[in-house]
Amino acid sequence: MNERRVVITGLGVVTPIGKDLDSFWESLKAGRSGISRITAFDTEKFDCKIAGEVRDFQPAPFYKTPKDVKRTDRYTQFAVAAAKMSLDDSGLDLDAIDRDRVGVMVGSGVGGLATMEEQITKTLQRGPDRTSPFMIPMMISNMASGFISMEHGLRGPNMSIVTACATANHCMGEAWRIIKFGDADIILAGGSEACIIKVGIAGFSSMRAVSLRNDEPEKASRPFDKDRDGFVMGEGGGVLILEEYEHAKKRGAKIYCEVAGYGLTADAYHMSAPLPEGEGAARCMRMAMDRAGINPEEVDYINAHGTSTPVGDVCETKAVKAAFGEHARNGLLVSSTKSMTGHLLGAAGAVEMAACVMAMRDGIVPPTINLDNPDPECDLDYVAHTAREKKVKIALSNSFGFGGHNSSVLIKAI
């Protein structure tokens, strides 16, 4: 098992700051915010009126059959698009490989919430006979993974992990494990989310989890800043091609980097709050480094979970200090790209891993924007305001979810 190495050979993203990899990366480097006033519905009665929307998204070009666009929820549409872009980026000729050895692991924290909202409203207002026969398959959280396999005839391991905001990282980590074990040679892994609807905004607002900085949307997501007041919801999807190293070499693939380590732990503490000292997150990061055989001082960059919540950012800072010791304050760069994209929930880990991969490729670490007044309890180098040139040989991406789910994925240069 340990002799099989796993590399990343394709990237595909749909985000509020770019509907493809190039535009996404250019926006990150420029420190461009994708947060604005919500246009998807009338927010007059809502406390929160801002989010990171994917504007003018056209799913049809990514589908083989136009009718299937109408039979899939927006979250699945994002996933299908990201998967197609990642396959194109990888250069894979699916007709030349064994599709029994190609799997899909794409999850969603919430799944088809828009479909659920629409169909429940219709059922209650117009009667049960008006409920769509596609309601259930559109709504369930595994449909993105299943539909991608149908679109491309991928018959290998297929599942969807649902761990809230840790979803995409867990999908990538378990894909890594499956390939190493020998049950597949290639897995499309990641996550997708589309929750910017009335019930989604209302639910998170009722938890007092989201920012209410409605008059300055582009400044609302401000991880590690003293004046942060909650996260900003985003939407989108990310899918990465994870491939066994020798398989990738044999076909002459472009190899971005190696997936070298994966950590996963539970806080066993609270439904939505992390452990105050970040102990669970620290164990998770240590596990990823241990699996990779990496010492803390070798890590160059962490893409933080960094949601911009008052409690979460402090806990993650403490966790990084606990896991990395002196190196946390001596050369380790940490940034939160959620300051630009908002929080993509179940898709966050995949989109943020794509940011790590591009940082490694180009030697540029994306910034944490809006860090104008640093919280004294958040005292690491968060690459404030502007991107920074740095050779990144090893990077770690953190994602932590409601329910106490912690996940860390570590990549290294080949």
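The largest pocket holds about 580 Å³ of space. A pocket here is an open set of points on a 1 Å grid over the protein atoms alone, where a 1.4 Å probe fits, with protein on both sides within 12 Å along at least five of seven lines; its volume is the space filled by probe spheres set on the points, which are joined across faces, edges and corners. This is a predicted model, in which local features need pLDDT of at least 70, side-chain atom pairs count only at pLDDT 80 or more, and totals for chains, interfaces and linings use all residues. Residues are numbered from 1 along each chain as its sequence is written, and side-chain values use heavy atoms, without hydrogens and water.

Select Ser272, Pro274, Thr309, Gly312 and Phe402: of the 36 lining residues, these are the closest to the pocket's centre. Lining residues have an atom within 4 Å of a point. By class, the lining has 16 nonpolar, 15 polar and five charged residues.

Next, select helix H11 (310–324), which gives the largest share of this lining, seven residues. Strands E12 (394–401) and E13 (405–412) also give two or more residues each. Helices (H or I, at least four residues) and strands (E, at least two) are DSSP runs, numbered from the N terminus.

Ala281, Ala282, Met285, Arg286 and Met289 in H10 meet Ala319, Val320, Ala322, Ala323 and Phe324 in H11. This contact has nine nonpolar residues, no polar ones and one charged.

Methods: Ala, Val, Leu, Ile, Met, Phe, Trp, Tyr, Cys and Pro count as nonpolar, Asp, Glu, Lys and Arg as charged, and the others, Gly among them, as polar. Contact means heavy atoms within 4.5 Å.
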